[in-house]
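Reader: I am new to this structure. Could you please take me through it?
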Amino acid sequence: MTERKSRDERVDEKIRCDACPVMCYIADGKSGACDRYANDAGQLVRLDPLVVMQRRVDEGGSLVPFLGTDKPWDGSIVTPNDHFVTAIGAGTTYPDYKPAPFIVASQHDGVDMVTVVTEGIFSYCGAKVKIDTDRHIGPERSLVRVDGEPVGHVTTGEYGSQMLSLGGVNHLTGGSKKEGRVTCATLLSLCNGDAVDMQVDEGSQLVIQAGQPPIINGVTEDRMRVGCGSATIGMFAAQWQGLVDEVVIVDDHITGVMSEHQAGKVLRWKPSGIKILGRRSTPGRYFQVAEPGTGWGGTKLTDPLEILGPFDSKVAQPGQSLLMVSTTGEQFAYYELDAALRPIAKEMPDRLRPSIARIEENCEPALTSVTFMGGAGGSLRAGVTENPVQLTRAVKQALVRVSCGGAPVYIWPGGGITIMADVMQMPENAFGYVPTPALVAPIEFTMRQSDYQALGGHMSHVMSIEEALAGKVGRQNDHRLQGMTAIQQRADIPWPGKG
Amino acid sequence: MAAAPQAITYPASQTRHPAGAHARWLDDGRLHLHQGPIDLVIGADGTPDAIGQACSAAIDSFATVLEELVSELALLRTPIHQIACCPSGRVAARMWAATMPHADIYRDANYVTAMAAVAGAVADEILSVMRDAADLDRIYVNNGGDIALYLHPATVAVPHYTVGICADPDVVFRSHVNPDALAGDWAARSVPDAFAGTIKITAADHIGGIATSGWKGRSHSLGMADLVTVLAPTAAAADVAATLIANAVWPDDDNETDWPGVHRQPANALAPDSDLGSRLVTVHVDRLPDHVITKALRRGAGVAEDMRQSGHIFAAYGVVQGQGFVCDAMTQSTAGSSAVFLDETA
């Protein structure tokens, strides 16, 4: 940074770009006719920043700008050991008949590591979205639309969560041009951590954003349920004993009834004569007590008494108490039976309030999580080694660590290199797109130098990390990057390449 | 961040050399040709053999286009009225031919150079090579918004192109040009909408080029038009006309004097080797009062109408901050004036 001239000194500097035959003269701070190359303080730069993930232990460290930002440098000494070059902004050489833009050797724990850095163009990619809610967002297989265009569908539900499967090659390239464009834009926004407004056919309107609570039909989801109705009975049975005569946990999936449930039986809970209108699975566990919806416990109920039939007059007693509560503790009601054995709503007694609060406390915050999924195709692999299938095998044998913007990835078993990565673990704006339409995602392959050689790697194109940090251009790469951004490595992410 | 997927050759040594031309197929079957500042997206319809032949010819021809242009760059950056003879390059000759008709009016301080036609001329040349190589139903060559197009007059299967016109991302207007329905849908013409209107072009229109210019575009503009779109016999002709009409969208006859709310800088401060030299180009326009916009649009519309009546162009549309003008055969026959202002026809 000390080599940079002050702004006054370089005001009049023009440089001549040699990236194409036009050979533009470019004034300081301006770009050439192509809008791709620019003059930054007398240096010809490509207008994509390369992100370098800096390995720093301290939490809360700020970005360390290397070039041209207004944030102050925090004075930390930038030593090559602490850097891992990510692929963000590395550019790409698609179609990859030549080596990836940056092949960087760094020493890590005394082992020579090689990182092959490129931005992959993924036509085969999508996002799996997990939305922590019990609310019914739409039937499974329903289309999910953005701007009226189908971008994916509701897929099989998971524990306490609704799942969306978005993108994929058929929406990106198989439908209309607009469908492809909207799908690409949706994936880009989600993967870059932006909010997207979507509509489920025959279902809800959703606003989802990675790492944020989902907003369903305009209501922000607060908590993920503590468990299904039956599980909730099991978890809290002992706490309710002696305080109330019957407890019903209302849940779209499995509604639990204390006196009939195994947990209640163990505690010798007395029968209450309650009748649940639903399909009984096992004692005390009922399916399909109501239609799914956005009311009590993911049902459409606003009045929980709708799921109750008449109490058995041979068993039930007038004055008997009944607590009904949802799986998140958000909805609750207290009743006592009158002389005709009808439940009459009463104010919640103080003795029961702590148990409801306990349910709520035990619910985790509801979040939306977005997982990027994509396949590294043949040509992308060819950018890494001369024998693409060897790379696939090496990945499977864990000789090669794959990361996505420095974030760890899960590699699917089976053929190809199909990866999944949590977008929240990547630096901001790690993704780009091309109008094809397809997503541009960073992808790094890290391995021992000796393994790289054995795999048929492009050894003659390897440079040291010191050289990469000094701005050296890979000879396979046509562009010098506009400086770099050092970002702090997150403590919960293992150092790429380790282990 | 959104790096385009150019396949760029890498230099064999550490010395950097200019990158060559590159061709690749987009997933939807269109051809993308790229070198330096030129990005062509080409769509062709016809038999697979014909498309293959035409595209091979386009790729071969494109390989040398930029080098040829660069070899005559100094000449092409000279004001057109100072050039005595036609340049030798294929594209350069097209640029010269498209710009020369305006040399009488645009001279001295108010000069124009052949560079005003460069994008359109490249598109025209590649289109021409493709037409010569094979018999196709229809072809378009889109050079960053300046488009050369061809429709086979005898083709029944693919009778037209539908072209979307985006005047401004914020405020756009609808217009429909369709000689088959000269009555015109006047309501639709004047409705501001969130997205641009579309025009349907048939072989009978003889429209061979569409170009757009304005200060919001990629090239420098001397005027305050957000965008001016022109339909003309060739893309090069449309390119020059759009540039000149956009330059003329200015509220005052004196383009040298600054106008409040319009921010300008010398062209050579932005691009040292600009053919515009030290002439002031628009870099930002604040919200302007309606009467200023109307005056500017009237001047632009006047220039457009002169060009239309001289046969250089078929139609022009211009927009400043949501207000615009339409200039075509219909506006004359229907309204009897040289141009119709959209806000006046509502």
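**Cores, strands and helices**

Author: The largest nonpolar core has 103 residues, and those with the most contacts inside it are M95(B), V230(B), A238(B), A241(B), I245(B), V249(B) and I313(B). Such a core is a set of buried Ala, Val, Leu, Ile, Met, Phe, Trp, Tyr and Cys residues joined through C-beta atoms within 7 Å. Buried requires 20 or more other C-beta atoms within 10 Å of the residue's own, exposed is 12 or fewer, and partly exposed lies in between, with C-beta atoms placed from the backbone.

Reader: Which helix gives the largest share of this core?

Author: Helix α7 (residues 235-248) of chain B does, with 11 residues. Helices (H or I, at least four residues) and strands (E, at least two) are DSSP runs, numbered from the N terminus. This is a predicted model: local features need pLDDT of at least 70, side-chain atom pairs count only at pLDDT 80 or more, and totals for chains, interfaces and linings use all residues. Residues are numbered from 1 along each chain as its sequence is written, while chains are lettered from A and ligands numbered from 1 in the order in which they are written.

Reader: What is V230(B) in contact with, sequence neighbours within four places aside?

Author: V230(B) is in contact (C-beta atoms, placed from the backbone, within 7 Å) with A211(B), A238(B), A241(B), A242(B), I245(B), I313(B) and A316(B). Another core lies apart from that one and has 56 residues, among them V395(A), I419(A), F431(A) and V440(A).

Reader: Back to α7(B): at what angle does helix α5 (residues 118-133) of chain B pack with it?

Author: The angle is about 170 degrees, and the axes are 7 Å apart. Axes are lines fitted to C-alpha atoms, for helices over the stretch in contact, and angles run from 0 to 180 degrees between N-to-C directions. That angle makes α5(B) roughly antiparallel to α7(B), a term for angles over 145 degrees.

Reader: Which residues meet there?

Author: A119(B), G120(B), A121(B), A123(B) and D124(B) in α5(B) meet A235(B), A236(B), A238(B) and D239(B) in α7(B).

Reader: Now the strands. How many residues of strand β10 (residues 125-132) of chain A are buried?

Author: Seven of its eight residues are buried. β10(A) pairs (at least two DSSP bridges between the strands) with strand β25 (residues 368-376) of chain A in the antiparallel sense, over seven bridges. In that pairing K130(A) stands opposite S369(A).

Reader: Which other strand is joined to β10(A)?

Author: Strand β13 (residues 161-167) of chain A is joined to β10(A) by seven bridges, running antiparallel. There, Q162(A) is the bridge partner of I131(A).

How values were computed
Contact = placed C-beta atoms within 7 Å. Parallel < 35°, antiparallel > 145°, perpendicular 65-115°, else oblique.
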